[in-house]
Amino acid sequence: MPPETKQGQPYDQGFDLAYSLETAIWIFDIDHARVLKANEAACALWMAPNEAELTTRDMGADMSPTVAQRLQQYQSDFIQSDARFTELWTIYPNGTPRSVMVVYRGHRLDDGRMAMKCEVVGDSADTAQNLRSAEALLHTDVMIMLFGTEGPSLYLNPAARRFCGGSELVLSDIFEDQFEIDAIIEAVQRDGEQRRLTRLASHSGGGWFDLSVKGCSDAATGQPALLLTAIDVSELKEARDTARHLANRDQLTNLHNRSYLQNHLDWLEETNAAAGSTVIVFDVDRFKLINDRYGHAAGDTVLRKIAVRTRAALDAGDLLARLGGDEFVIVLPGPHDPATALNRIERVRQAIGAPILHGETRLDATISGGMSHVRSGSDHFAKVLREADIALYHSKKSGRDQVTVFDVDMGQAVDERERLEVALKQAVVNREFTLHYQPRLDLSTGRITGVEGLVRWEHPTDGVINPDDFIPVCEETGLIDELGRLVLEMGCAQAIEWHQQDLALDLSLNVSPRQFADDDFLRCLDDLAQLPGFPKGQIELEVTENVLIGDPVHIAAKLRRIVDMGYRIAIDDFGTGYSNLSYISEFPLHCLKIDRSFVAQLPSAGPIVQLILTLGQQIGAKVVSEGVETKDQLDWLADRDCTEVQGFLIAKAMPADTCATFVKAYTSAPKPR
Ligand code: C2E
Ligand code: CA
Ligand code: CA
């Protein structure tokens, strides 16, 4: 234990000389915030009657946390090196502020602790503004550092010293690489200043700073110097990084999203790194069906699983993004041989093919893809993506569950298709469509009691075009909503006309799934049903089974509203879709139309046809067999109580006038009862 002085403070030699000095000198115990020793001049400065009184004062009592922190910093600076600071210090003896210029040095106490020796080197004659600015420099959290062109720092404010944990440093202590220092110095030499967001290293790990570097000269020597000002923006940067992550990622799968992909591809192009890259687009086969059947949560599970499996099957440098829905894109960067790309996608297909579990449900997903690559430096990704899309479309058309590599012929097909889209849009505006009518024969009376309206495009130069060549395009582009309305209008007008001519004919009209889902569809039906002479109960709407998939309560309600307006409902192409038979009886259905593929396969498809006939009887709907082409088919159906038949054996679809004449003239033997 060191000997104690009479005031109970640690004994300290080496201060005795100071007692005789004119300048104020005192020893400050940083740990306990007390003055240990003070000469007469110091006592006068602190307005203390004597040293004994001054040493009893608790200097920590009204000390601000920043000052306390700064003192700690000084202490560690002194421990590390023989540091010495000259600073303007405002003290408050008995509450009155006094600014003095003080030199601080380390002062080792006998008990080994580091205290601080303070020596006043002058009263401040500065203006109030200067005093305040000097104070601000001491207190601010902004780091301020002055460096000569070489060697250690010339000045660090307390915030800077706190950050780097020392009273002196060289540039390479805070910058992570020399390259950055060189770049900054070069920029300052060129522009006079440089500002950047950068990482600065410190003994405790460092952080992100808004750094400004200015060229100046050292006030003391006049030598060129660098003034660095750094504001800690680590939290801000983190928040921004999080925001960027969110903006670049797809929430469901955590894969990159469309906007990231776009930026990345732009960047590859700008840096001339695009050439040779392969682009693969793929989507999930019949994904809508998975959603409709098992719910959206199951759909989400499938997408997430596909994301994880695909990522795992790719190499680290490959980019995988989800564009939205069930659409994904893979980019294999840089040149590689075609076999590598095919291998990679095969690996992906294999991985995705394994069963996916959603709760207790086992789901199987396959994908269809299209692949193309950047052939030359002038090739743009936008074009390559489009080519991959075209190839994908090919995969879909050729039975799905495959990946097609783009070739130029496909491109031509697509150009044609685009021309078709443009022409169709114009055709809808010009109303270049008519309905042809195909008779339906009632087997019990031997008479034509109904017709199906089938749309035809009367192309100004190419003649009559059949719907299989344009309905799918209308479906995909959404044109079907307008075309569908046109068909309903034409059909209703024709039905009203026949009704007025006392021609008793039921008329059925086709409704596409997309049209059925459209919000305006019900309104359109309602408007037509209000027309004068509207033949209630004589217009039948043919929908496909897929329309009936989904929430059965909602669908039943929609169908009920349509029936209440005065329409009847038929299921078209029955047996080819995915009807859930358990709900069929809950829908207001008047007619099932057996798809012509079954009729064509009679008698081998007999059991299926028989099943549909029985089902029709069970739910009280009549059954119409489509595509009857032969006498044998007709007889087979007649023997089994099929209600109506439609097909080339009776007649093809024809214009309204011809059809009316045909209907009036038609006679055939009624089915023997
Ligand atoms: P769909 O509703 O199944 O119509 C029956 C199609 O089979 C018609 O072809 C008809 O001409 C044809 N067909 C009738 N009897 C026979 C036969 O004995 N043998 C053969 N091989 N074919 C026969 P079309 O008129 O070319 O229509 C094709 C499809 O286009 C229709 O199939 C329907 O899905 C769609 N479609 C036609 N008109 C419209 C419409 O106004 N709106 C919508 N959304 N789709 C329509
Ligand atoms: Ca039909
Ligand atoms: Ca049909």
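Predicted model: local features only at pLDDT ≥ 70, side-chain atom pairs only at ≥ 80, totals over all residues.

Residues are numbered from 1 along each chain as its sequence is written, chains are lettered from A and ligands numbered from 1 in the order in which they are written, and side-chain values use heavy atoms, with hydrogens and water left out.

Donors here are N, O and S atoms within 2.8 Å of the metal (3.2 Å for Na, K and Ca); water is not among the atoms, so sites may look incomplete.

| Ion | Donors | Distances |
|---|---|---|
| calcium ion (ligand 2) | Glu452 (OE), Asn510 (OD1), Glu542 (OE), Asp572 (OD) | 2.1 to 2.3 Å |
| calcium ion (ligand 3) | Asp572 (OD), Asp573 (OD), Glu626 (OE), Glu626 (OE) | 2.2 to 2.6 Å |

Along the chain, the donors of ligand 2 run E-x57-N-x31-E-x29-D. Within that set, Asn510 sits in strand E21 (residues 506-510) and Asp572 in strand E23 (residues 567-574), so the pair ties together parts 62 residues apart in sequence. Strands, by the way, are DSSP runs of at least two residues, numbered from the N terminus. For ligand 3 the spacing is D-D-x52-E.

What bridges the two calcium ions, ligand 2 and ligand 3? That's Asp572, and the ions lie 3.8 Å apart.

As for accessibility, buried means under 20% relative accessible area, exposed over 50%, and partly exposed in between (1.4 Å probe, protein chains only). Asp572 comes out buried at 8%, while Asp573 is partly exposed at 25%. Asn510 is partly exposed too, at 28%.

Conventions: Helix = DSSP H or I, 4+ residues; strand = E, 2+ residues; numbered from the N terminus.
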